[in-house]
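Biologist: Could you walk me through this protein? I'd like to start with its pockets.

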Amino acid sequence: MSYNLKNIMSSKIWIWKNVPGIAGRFDDIIYSSPILPSSQDVLLYFGGDIQDTQENMKHAGSKTYIEWSLENTAKILTISFPKKHVFLIRPSRVLETLSYFDNFVPSKEYGIPLFCPTHNALKHLQELLKFSVNRINTYNTDKEFTHLNIEKAKLTLVGFSKGCIVLNQLLHEFHYYQNKLDPDIEINNFIRLIESMWWLDGGHAGSKDTWIVEKSILESFAKLRIDVNVHVTPYQVQDSHRPWIGEEESHFCNILRNLGIPIKRTLHFTDKTRSLQNHFNVLKVIRNYTQ
């Protein structure tokens, strides 16, 4: 996949700080505009440990990986998804190199998730997107791209490494809203905007719940008919010190397949030594699977 360098360079990247979501929750957002004519396609990204804005990647454990800063990742995703408005949602807390997505999923030490039926993650995401879309439309004075209408948006959700915990919390919330006695029409309409979800080499410091394997939750997810894309590397799923990651990922994929979901699953870099670098490189190789 190749694009005119001028188009890639013309993609604008903004950093918006303290974007309001639901009451009391704020997140920084990195936005990258499309490089090809766009309609209503939106990508929402949650990154991994180490990843932060470039100005914050000064810690000894992170500055070596500046290639994978949120700004650089925005450029990578824009090349892979050239028609999409790309939003990267920065963790609400970053301690040294560890990411905490407190506004989306409760967590304990090291950002280990404590999944729950609902943490209002979907409502918060919806509010962040509303604010961001309004900001884009306000500044889109020269009509660079189509006016964004959140009610017609086609959403792609991407989690990488630690960021997959947000996608996993959303699975819990899909189940919660499907089984709610008094349906929440607004949030159900928002869920219907989600066309695809991408899990990229999910992992965190805990000893379980790297992938969702509760059948009831995945049954609720399957009813939504959302496209599922799984891209993994030996760094996570073949780690002999953390065998549960590979086992859970296999269960996750098998359960969804048995539920009739045509899941797209790819294991990358099997011919190379397990490495953190190739863990990050999964962010680049997915461009071969985005058409």
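**Pockets, a cavity and a sheet**

Biologist: Which helices each supply at least two residues of the lining of the second largest pocket?

Modeller: Those are helix H7 (234-237) and helix H9 (276-285). Helices (H or I, at least four residues) and strands (E, at least two) are DSSP runs, numbered from the N terminus. Keep in mind that this is a predicted model, where local features need pLDDT of at least 70 and side-chain atom pairs count only at pLDDT 80 or more, while totals for chains, interfaces and linings use all residues. Residues are numbered from 1 along each chain as its sequence is written, and side-chain values use heavy atoms, with hydrogens and water left out.

Biologist: Which helix gives the largest share of that lining?

Modeller: H9 does, with three residues. In total 18 residues line the second largest pocket, and Asp49, Ser161, Tyr235, Leu276 and His279 lie nearest its centre. A pocket is an open set of points on a 1 Å grid over the protein atoms alone, with protein on both sides within 12 Å along at least five of seven lines; a cavity is a set where a 1.4 Å probe fits but cannot get out, and lining residues have an atom within 4 Å of a point.

Biologist: What is the volume of the second largest pocket?

Modeller: About 280 Å³, where volume is the space filled by probe spheres set on the points, which are joined across faces, edges and corners. Its lining has eight nonpolar, seven polar and three charged residues. Here Ala, Val, Leu, Ile, Met, Phe, Trp, Tyr, Cys and Pro count as nonpolar, Asp, Glu, Lys and Arg as charged, and the others, Gly among them, as polar.

Biologist: And what volume does the largest pocket have?

Modeller: The largest pocket comes to about 390 Å³. Its lining has 18 residues, and Phe81, Lys84, Thr156, Thr290 and Gln291 are the closest to its centre.

Biologist: Which strands each supply at least two residues there, in the lining of the largest pocket?

Modeller: Strand E7 (154-160), strand E8 (194-200) and strand E9 (227-232). E8 gives the most, with three residues. By class, the lining of the largest pocket divides into five nonpolar, six polar and seven charged residues.

Biologist: Nice. How many cavities of 30 Å³ or more are there?

Modeller: The structure holds one. The largest cavity has a volume of about 40 Å³.

Biologist: Which residues line the largest cavity?

Modeller: They are Ile50, Gln51, Asp52, Asn56, Met57, Ser62, Val94, Glu96 and Thr97. Three of the lining residues are nonpolar, four polar and two charged.

Biologist: Switching topic: in what order do the eight strands of the open sheet run?

Modeller: The order is E1-E2-E4-E3-E7-E8-E9-E10, with mixed pairing. Two strands pair if DSSP finds at least two bridges between them.

Biologist: Which strands stand at the edges?

Modeller: Strand E1 (13-20) and strand E10 (264-267) do. Each has a single partner strand, so one side of each is left without a neighbour in the sheet.

Biologist: Do E2 and E4 pair in the parallel or the antiparallel sense?

Modeller: Antiparallel: strand E2 (residues 26-32) and strand E4 (residues 85-89) pair over four bridges.

Biologist: Which residue in E4 is the bridge partner of Ile29?

Modeller: Ile89 is the one to look for in E4.
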